[in-house]
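Okay, thanks for coming, everyone. I'd like to walk you through one model today, so let me put it up on the screen.

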Amino acid sequence: CSRAISHAARLHAFDLLRHGITADCLPVLDVPVEGASDVIGARAYGKEPGPVIELGRAAAEGLMSGCRPKNMKAMKLKKAAQSTA
């Protein structure tokens, strides 16, 4: 599951960069607790801190791997080529 989360976050980073967005609030490391608001809902990575930490770390690593300078440079070059075409 952590590989899937990491991969999804990396793709998310690529999509954000493609649109010039360089900031994101992922991962959200909320842990639902009894009596709290239901606003967290299904977006939580789990109901216990351990899995939330593991999957949150995987998401953060995926985001960072998708935002490496070489990827950003490739995106800028692609955008420049599209604007001159």
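Let's start with D30, which at 24% relative accessibility counts as partly exposed. By that I mean between 20% and 50% relative accessible area, with buried under 20% and exposed over 50%, using a 1.4 Å probe and protein chains only.

Before I go on, the ground rules. This is a predicted model, so local features need pLDDT of at least 70 and side-chain atom pairs count only at pLDDT 80 or more, while totals for chains, interfaces and linings use all residues. Residues are numbered from 1 along each chain as its sequence is written, and side-chain values use heavy atoms, with hydrogens and water left out.

Back to D30: what does it pair with? D30 forms a salt bridge with R43, and the closest N and O atoms are 2.6 Å apart. Salt bridge here means a side-chain nitrogen of Lys or Arg within 4 Å of a carboxyl oxygen of Asp or Glu. Both partners sit in the loop between α1 and α2, 13 residues apart. R43 is partly exposed too, at 46% relative accessible area.

How many salt bridges does a search of the whole structure find? Two. The other pair is D15 with R18, where the closest N and O atoms are 3.8 Å apart. Those two are three residues apart in helix α1, so about one helical turn separates them. D15 comes out at 40% relative accessible area, and R18 at 46%.

Now, the overall layout. We've got three helices and zero strands; helices are DSSP runs of H or I, at least four residues, strands are E runs of at least two, and numbering goes from the N terminus. Of the 85 residues, 24% count as buried.

Take α1 next. Its buried residues are I5, A9, A13, L16 and L17. After α1 comes G20, with a positive phi near 80°.

Last stop, the largest nonpolar core: nine residues, among them I5, A9, Y45 and L63. A core here is a set of buried Ala, Val, Leu, Ile, Met, Phe, Trp, Tyr and Cys residues joined through side-chain atoms within 4.5 Å. α2 gives the most to it, five residues. And A9, leaving aside neighbours within four places in sequence, is in contact (heavy atoms within 4.5 Å) with L26, A59, G62 and L63.
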